[in-house]
Amino acid sequence: MEYISTRGKVEPLGFIDAILMGLANDGGLLVPKTIPQLSADTLQKWQNLSYSELALEIFSLFIENEIPRAELKQLVEDSYGTFRDEAVTPVKRLNDDTYVLELFHGPTFAFKDIALQFLGNLYGYVSRKTNSIIHILGATSGDTGASAIEGVRGKEGIRICILHPHQKVSRVQELQMTTVDSENVLNLSVEGTFDDCQRIIKELFADVEFKHRYHLRAINSINIARILAQTVYYFYAYFQVTAGDTGAKVNFSVPTGNFGDIFAGYLAQKMGLPIHKLILATNENNILERFVKEGVYQPGAFRGTHSPSMDIQVASNFERYLFYLYGEDAEAVTTLMAQFKAEGRIVIPADKLQAVQADFAAYGVQNEECLDTISSYYKEYGYLLDPHTACGVAAADRIAADSEVTVALSTAHPAKFDESIRLRGIEQTYPQQIQALFDKPQFQTVVGGSNEEIKDQLVKFF
């Protein structure tokens with residue numbers, strides 16, 4: 001298996017070189033040169049696999065023999081043995097047509113653990129095997145940071161720096177990151193938005209000389225390993241819901257701001273998983289909804305919402321989708337991204353918009369609608385949704401046809417967003433691991449939003 005850049009200026013890479021490169025050196029994103037195709041027989045054989053067994057089969061397709069199977073199996077078991085539920089990502093039925101895929105049973109109570117426990121162990125494996133230094137640099141809108149830190153804290157040969165927008169993540173998200181007292185962890189609280197943090201990360205990785213001098217590695221979903229790890233739970237959920245009928249049609253409703261989680265579903269579909277509709281759920285920062293409905297990709301004014309992990313205007317994984325939308329034409333993608341950098345917008349022609357609307361449906365959930373969904377599902381089913389999951393459920397209610405089965409991805413435990421949930425008079429009990437955070441000291445540095453300020457911090461830390 002080889003990996004290529006969406007902009008076509010990087011020689012094909014093996015899997016380990018791809019995860020170490022992170023952002024492609026030409027500024028593009030890495031994708032598999034070919035997408036493995038799965039037969040109905042293979043899907044049938046996978047139907048009753050455990051989550052870890054399924055992850056091993058899927059990872060093997062993208063890694064082939066670059067990591068010996070026995071060693072890959074150990075990496076998978078180490079990664080998912082830390083989860084609180086034996087199923088890793090259990091599926092809960094809310095009513096006849098709606099299921100929730102609980103992705104929050106990892107160490108930090110967020111879906112990012114599923115990819116980042118694996119990627120953290122993978123980086124540790126590579127560091128040991130190659131005797132190399134791993135300096136991880138990432139940005140977070142809330143959950144990635146805690147999951148990434150948890151995945152590598154205290155690991156020899158690895159240091160990690162995470163940028164988060166100052167006072168624009170939930171209190172629990174901030175505490176999960178900043179109460180970690182470890183010499184290999186640096187938290188930078190950036191005065192600005194997540195989009196500012198993400199832009200800084202991309203520009204520093206695009207500075208190839210700086211990237212190589214300081215051994216920078218990516219933990220954000222620009223790293224292809226993140227996407228590959230997230231495809232697994234689409235297969236797993238599909239098998240749980242269809243109960244042996246591997247030709248059944250199932251929708252997935254995905255709360256997303258950075259386009260990574262739903263792109264993983266798109267990849268699973270291209271591999272052969274018979275997903276009926278991919279429903280893209282956004283909040284009031286609805287750039288992706290507008291793209292699906294109108295073919296215009298253009299950031300608007302930043303809106304702070306009750307679902308802060310989706311308060312994103314520029315989706316870092318969008319370029320991967322453009323690559324496939326334009327028939328894997330790297331030149332076309334390069335032109336589009338240059339246009340976006342120069343003009344701040346991309347407008348696609350009618351035939352491309354038709355293709356987009358065949359791939360996705362989209363709905364932007366308003367703030368009050370998000371809270372209304374939390375209230376109504378708690379009252380009717382006794383099930384407490386976090387605000388991001390509520391966006392996914394609200395979008396499913398709007399878009400899925402009657403009698404269509406839809407799986408809404410539940411991306412975080414509701415305890416991580418208690419500020420929003422309390423607005424509807426709902427009280428919850430924190431899990432013990434989260435309650436303990438409030439008594440711990442914090443370790444973070446508040447910085448301005450310039451590349452140079454971040455560089456200065458990195459040079460001192462690394």
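How do the residues lining the second largest pocket divide into nonpolar, polar and charged?

First, the basis. This is a predicted model, in which local features need pLDDT of at least 70 and side-chain atom pairs count only at pLDDT 80 or more, while totals for chains, interfaces and linings use all residues. Residues are numbered from 1 along each chain as its sequence is written, and side-chain values use heavy atoms, with hydrogens and water left out.

Now the sheet. Six strands form an open sheet with mixed pairing, in the order β3-β4-β14-β9-β10-β13. Strands here are DSSP runs of E with at least two residues, helices are runs of H or I with at least four, and both are numbered from the N terminus. Two strands pair if DSSP finds at least two bridges between them. At the edges are β3 (91–93) and β13 (360–364), each pairing on one side only. On average, neighbouring strands are turned by 25° against each other, direction ignored; axes are lines fitted to C-alpha atoms, for helices over the stretch in contact, and angles run from 0 to 180 degrees between N-to-C directions.

Phe 252 has Leu 278 in β10 as its bridge partner. Helix α12 (residues 287–294) packs on the sheet and touches β10 and β13, and its direction makes about 135° with that of β13.

Next, one residue. Thr 98 lies in strand β4 (residues 98–102). Thr 98 is buried, at 7% relative accessible area; buried means under 20%, exposed over 50%, and partly exposed in between, with a 1.4 Å probe and protein chains only. Neighbours within four places in sequence aside, Thr 98 is in contact with Lys 92, Arg 93 and Thr 406, contact meaning heavy atoms within 4.5 Å.

Last, the pocket from my opening. The second largest pocket has a lining of 14 residues, and Glu 150, Arg 153, Gln 433, Leu 437 and Lys 440 lie nearest its centre. A pocket, on a 1 Å grid over the protein atoms alone, is an open set of points where a 1.4 Å probe fits, with protein on both sides within 12 Å along at least five of seven lines; lining residues have an atom within 4 Å of a point. Helix α6 gives the most to this lining of the second largest pocket, with three residues. The lining divides into seven nonpolar, four polar and three charged residues. Asp, Glu, Lys and Arg count as charged, Ala, Val, Leu, Ile, Met, Phe, Trp, Tyr, Cys and Pro as nonpolar, and the others, Gly among them, as polar.
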